[in-house]
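Morning, everyone. I have one structure to show today, and I'll keep it brief.

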Amino acid sequence: MCCGTVKLLLIRPHRRWKILLSKYLSVLSFSFTLLLFTAFMSWLVGGFVFGFSGASAPFSLPHGAHVVSISTWAESVRTYAYLAIPLLLTATLAFMISTLFRSSVVAIALSVFLVLFGPVITEVLRSYAWDKFVLFANWNLAPYFESDVPPLPNMTLSFSIAVLTVYYAVFLAVSWLSFTKRDVSA
C-alpha cells in the first residue's frame, strides 16, 4: 500500500480486512478533510475579498424554464456536496490502484490522469451505445438538479446513482480481494 507499513501491520494479530478498512478510512478522512479545508479557505478568501455579508445574499439558480433564488451559503454547500461524489470515487479508485500495484505513486498519478482526462474520455466514447456506463459520464449529478437535460441521452438520476454504486462496489471488492489474497513477503 504505502510507505512499507503493511508488512509491519500484518505481523500483528489483526485481520487483513481490518487493516484494509483502517487504511481506506484514513484515505477518506484525509480526502474529506481537504475538501472541508478548501471550502473554509474559499469562504475566508471570498470574505476578505468580497465581504462576509455576501454569504446571505440571494443566488439566482436556473432550474429548467424558471429561476430559483437561494442563499449564496446554500449554493456553496450544494456545490461542495456535488464535489464530494467524484472525490469519494476518485479516492476509492486511487485506493484500489494502490492495493493492486503496491505503489502510491502509480495510484496518485493514474487517478489524477483519469480525473483530468475523464471528460475527454467521455466525449471520445460518446458515439458508442455503452457510453452511459462510463464512470465519468455519471459522477456529476448536478445536471439532474439544475436542468431538465441529462448529461447523456436516456440517462436518469437513479441510473447514474446505480452506475456509481456499482463502480464503488467493484473498486472496494477488487481492493479487498487483491489485499486479502496477496502474499506480502515481497
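I'll go through the pockets, one serine, and then the nonpolar cores.

First, a caution: this is a predicted model.

Start with the largest pocket. Its volume is about 700 Å³. It has 23 lining residues, and nearest its centre are Val27, Ser31, Ala91, Ala94 and Ile108. Helices H2, H3 and H4 each put at least two residues into that lining. H3 gives the most, eight residues. By class, we get 16 nonpolar, six polar and one charged.

Now take Ser31 from that list. It sits in helix H2, residues 16–50. Is serine 31 buried or exposed? Its relative accessibility is 13%, and the cut-off for buried is under 20%, so serine 31 counts as buried. Beyond its neighbours within four places in sequence, serine 31 contacts Leu87 and Ala91.

Next, the second largest pocket. This one has a volume of about 440 Å³. It is lined by 20 residues, with Ala39, Ser42, Trp43, Trp73 and Ser76 closest to the centre. H2 and H3 each supply at least two residues of this lining.

On to the cores. The largest nonpolar core has 17 residues, and Leu93, Leu135, Phe136, Trp139 and Leu164 touch the most other members. Helices H3, H4, H5 and H7 each give two or more residues to this core. H3 provides the largest share, four residues. A separate core has seven residues, including Tyr24, Leu28, Ala91 and Phe95. And Ala91, remember, is also one of the residues nearest the centre of the largest pocket.

Notes:
Residues are numbered from 1 along each chain as its sequence is written. This is a predicted model: local features need pLDDT of at least 70, side-chain atom pairs count only at pLDDT 80 or more; totals for chains, interfaces and linings use all residues. Side-chain values use heavy atoms; hydrogens and water are left out. Buried means under 20% relative accessible area, exposed over 50%, partly exposed in between (1.4 Å probe, protein chains only). Contact means heavy atoms within 4.5 Å. A nonpolar core is a set of buried Ala, Val, Leu, Ile, Met, Phe, Trp, Tyr and Cys residues joined through side-chain atoms within 4.5 Å. On a 1 Å grid over the protein atoms alone, a cavity is a set of points where a 1.4 Å probe fits but cannot get out, and a pocket is an open set with protein on both sides within 12 Å along at least five of seven lines; lining residues have an atom within 4 Å of a point. Grid points are joined across faces, edges and corners, and a volume is the space filled by probe spheres set on the points. Ala, Val, Leu, Ile, Met, Phe, Trp, Tyr, Cys and Pro count as nonpolar, Asp, Glu, Lys and Arg as charged, and the others, Gly among them, as polar.
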